[in-house]
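I opened my notebook to look up a few things in this structure. Here is what I wrote down as I went.

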Amino acid sequence: MSLSSGAVKRPITTLMFFIAVVIMGYISYTRLAIDQLPDITFPAVSINTMYKGAAPAEIEKLITEPIEKAVSTISNVKEVRSKSSEDISTVTVDFAWGTDIDQAANDVRDKIGQAKRFLPEGAEEPFLRKFDPGDQPILYMSLTGPQNPVFLREIADNQVRYQLEQVEGVAAVDIWGGLQREIHVELERVRLEAAGLSVDDVVRTLSQENLSLAGGHLEAGRTDYIVRPMGEFNNIKELEGIVLRSNHGKRVYLKDVATVKDAYKDTRTRTRVNRGQGVILAIRKQSGGNTVQVAEQVLAGLPAIRKDLGQGMVLDVMFNRADFITKSISQVKQTALLGGLIAVVIIFIFLFDIGSTLIIAVNIPIAILATFILLYNKEISLNWMSLGGLALGIGMLVDNSVVVLENIFRHRKTEENAREASIKGSNEVGMAIVASTLTTLCVFVPIIFVKGMVGIVFTEFALTIAFSLLASLFVALTLIPMLASRFKKRKTGGRQEWFLPVEEVYKKFLNRALGNKLLVIIVSVAILIGVTKTFIPRIGTELLPSVDEGMMYSFVEMPVGTRIGITDSVLNTMEETIVENVPEVRALFARSGLMWMGGGGTHSGFLWIKLAGRSERERPLKQVMDTLRRKFSLIPDAKIRLIERPSDVSRMLGRGRQQRVEIDVIGYDLKESEKLANKLIGTIQKVDDVAFARLNIDNNRPEMKIYIDRTKAGSMGFNASQIVNAVKTSVEGTVATRYREGGNEYDILVRLREEDRQRTEDLGHIFLTTPSGKRVALRNMATYKPDLGPVEINRRGQQRVITVQAGLSGDRDFGGVMTEIEGKVSKIEVPKGVSLKFAGEREEQKKANRYLLLAAVLAVMLVYMVMASLFESLINPFVIMLSIPFAIIGVVLILFLTHTNFSVPTYMGVIMLGGIVVNNGIVMVDYINRLRKSGMSLEEAVITGASRRLRPILITSFTTSLALLPMSLGLGEGAVMWSPLARVVLGGLLVGSLFTLFFVPTLYTSIEGLLLKRRARREARA
């Protein structure tokens, strides 16, 4: 007994089963998490190590290189990259996809443990962090008020952070800006010399005077006392009374040689929030948490947090990632709903029968709800990929039902009863719709061969479409026949037969085509060649479409060595420019002395700019950026780059890359590499629409290098470590101990007062004390001279790298610009020991294209195999598959007319199209073969079969393609990510269906006619 037969004969069982599916599907839907992207574990681990006061070259040699050597021996390491900048080393280990990142992180920890003994004494403990896209902040909040920056920071640190971290789902809260309290002991050099003391003496004494140790137990009488010697400082005044030296009854107190101040930590950064003082709180969710749910819980707790704040303090939300996610997901839902309605309307227009339309339309909600059950079971969230897959497949969900119902009612026109007509009609097309569904599904199988981020991100997209199509196939073979068997017999004539004249017109045109087979084939091929040759070169390429999230970054660079006050004034000017020219701005965050993700220096800074949502403003982000670029170009001495915030998918693909155009110049000799890099700058600047060409390195950072005379130092009893520490304490400062107050601890920093460390000659007056108590000036055992050094040193694969970076400012496509750049760069002579590599988006674009091309070839092969198995023929599948190239005509034309670039979503649409466009040919050829088996002649079977399948072919073509019309328009938040794919399927399917109706029958008749003649000749010879 067939599936359809069982469903028709047991209608109550069938009905109860689908009611259960609806109930479970709805429950599953309510429990699905909502996020922007699938839960992706990125195989990368970063190691951050702080070494305050160290220059980039020292950071590279003392910290970065030992860590790189240690971690590079770990298995499955794909690449080791690093950045050595002032005060900090960042080493990132990229592992091959599929690596167990938890085990990899443990391996990295083990290697760091072995490498720590090679790190300098003053270096902080290396901090390891797994790269998790879901670890990005989901909320940025600002705390502002009239209070001083120290107080704002303390409130944010000790009060607001604590309350936010209590919210379920919140993993951590990062705080940027404000000032942190610190106790400064500022030594006066002259008095220190007069007292015969050195800076090291002061540090040592303070650390010895601030102690609290367990004193053991004292048993006195019947009582057991815990002895607690209270050796810690009770207040700051106590520090001034510390005795540093006592000679013959004469005491030297700390207050005699130093000033103790309750101050704040020195910072070479300045922060502003919406042009005023404030603090930023970046809230991160727990791994695997629901972004929307966590954000809602945080927002729900804000009133209580605000209630506890002091007068005038304001806690505002600057950016909520959940807003964009909610809007974009809602937009996809709306387009899916609208697409479903369009599909239902099209069905009604063709069938002109409400009952039949409702029977078919019931497939859509049931298939979707059944898909939700599978998504919940597989722990797949509602995200761009999964929901996008549902929206794109919404029109295909009714295809099988249309074919089944139309064939059932064709049988109902005979004297058969309703039950037998339903069983016979569904069984007759059962194999055809199973095959057509399998051809659509098998195009997604090759995605498992697409490596890297592209394959991982689109896996959920493929699974969702696969689930929904399988569910729709099951509904078409069970529920549709059951409902049709309960339906009254359709009457012939009247409005239900309005389509008969259309069939007659089609028959006439098809007759003419069959009478001119060679002409039809030649004209079709000529159109294909003409369209592809004319328009494909005019279509641009890119990795991913640009998503307008309403956010941009502006990076500022002044001449290296510029004081932070000047850099900050430039940022202030930029903020004024934004406020005057961009009414759409909703939030501003400025930070001078630092780049967005660390690094930089006092000469650099950045602006984070948030605009209103796309639906709330008339101008797109690019137009706003063009306005600001023109205004910013008028600011003197400043190199200002303005880039839009890349989508999360783009950022993950770029692996930390900042600009769209990036070329790595690899070589240890920075001077040689820089010469070549400057040649590249001059070359790419000549390419149209290339903007902000620059190097990611600047070797003009002023440095004061101290050269130790080891012979002299050794003769006086000093080693390099003592000298380096003395210099560090005098200039940068050393934390001698910590002061405890109210449950909080604050660093006590010892260094020379500012007046004694402003001039280069002050370095020579730094004194050290020998073991015998003799004091020696630094100038007696070292020399010093100014020099220039790099701002930061980047490395990849344990080799130094200078990256040439540039952005795009015009309307040219990324691929076109890069092709021109590659052509010009290939003519540049590369010196020995240096190599070039195109990186970032271009590298990922080429990888994605290779993998997707492989996936497309495999998909076509699988489609052919499925059809060959269905028809038990090698010829029929070949005839049907020739409709695929003609679908490319529609793809090319719609991309050209809508100014859409070839990108990853576009290629995914082409792969999908390969499995969809053959479905009409399968249904048609399968029916023609049945008619021929029943005794019809070749041409009669072709004309009859093609005309009888005209209506279901047109219905399925129009429902599948036009249901994508809302999505193809690219309206709303994030819709631009899916619009290229929707356009490809829409244009390709409409044009492909037209060629299916004429080219496939013509070619089928030609080939089968030749085979019949050959068979007849063989029989005649026999």
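Predicted model: local features only at pLDDT ≥ 70, side-chain atom pairs only at ≥ 80, totals over all residues.

**Entry: a glutamate**

I looked up glutamate 503 and found that it counts as buried at 9% relative accessibility, where buried means under 20% relative accessible area, exposed over 50% and partly exposed in between (1.4 Å probe, protein chains only). Glutamate 503 sits in helix 19, residues 500–515. I take helices (H or I, at least four residues) and strands (E, at least two) as DSSP runs, numbered from the N terminus. Apart from neighbours within four places in sequence, glutamate 503 is in contact with Arg410, Ser947 and Leu950, contact being heavy atoms within 4.5 Å.

Residues are numbered from 1 along each chain as its sequence is written, and side-chain values use heavy atoms, with hydrogens and water left out.

**Entry: a threonine**

Next I turned to threonine 437, which is found in helix 16. Is threonine 437 buried or exposed? Threonine 437 is buried, and its relative accessible area is 5%. Leaving aside neighbours within four places in sequence, I found threonine 437 in contact with Asn400, Leu469 and Leu473. I also checked aspartate 399: its C-alpha atom and that of threonine 437 are separated by 9.3 Å, with the two residues 38 apart along the chain.

**Entry: cavities**

How many cavities of 30 Å³ or more does the structure hold? I noted five. A cavity here is a set of points, on a 1 Å grid over the protein atoms alone, where a 1.4 Å probe fits but cannot get out; lining residues have an atom within 4 Å of a point. Grid points are joined across faces, edges and corners, and a volume is the space filled by probe spheres set on the points.

The largest cavity holds about 210 Å³ of space. It is lined by 20 residues, and the closest to its centre are Asp399, Asn400, Ser436, Asn919 and Thr956. Helices 15 (399–412), 16 (418–442), 17 (452–477), 32 (918–933) and 34 (950–962) each give two or more residues to this lining. Helix 34 has the largest share, five residues. I sorted the lining by class: nine nonpolar, 10 polar and one charged. For that sorting, Ala, Val, Leu, Ile, Met, Phe, Trp, Tyr, Cys and Pro count as nonpolar, Asp, Glu, Lys and Arg as charged, and the others, Gly among them, as polar.

The second largest cavity has about 60 Å³ of space. Its lining includes Arg189, Glu193, His765 and Arg775. Helix 6 (residues 189–194) gives the largest share of that lining, three residues. By class I have six nonpolar, three polar and three charged residues there.

Last, I followed an open sheet of four strands, with the order 6-14-5-15 and antiparallel pairing. Two strands pair if DSSP finds at least two bridges between them. The edge strands, each pairing on one side only, are strand 6 (170–177) and strand 15 (314–320). Strand 5 (residues 139–144) runs antiparallel to strand 15, and six bridges join them. One bridge I looked up puts serine 142 with aspartate 316 in strand 15.

Conventions
1 Å grid on protein atoms, 1.4 Å probe; cavity = no way out; pocket = protein on both sides within 12 Å on 5 of 7 lines; lining within 4 Å.
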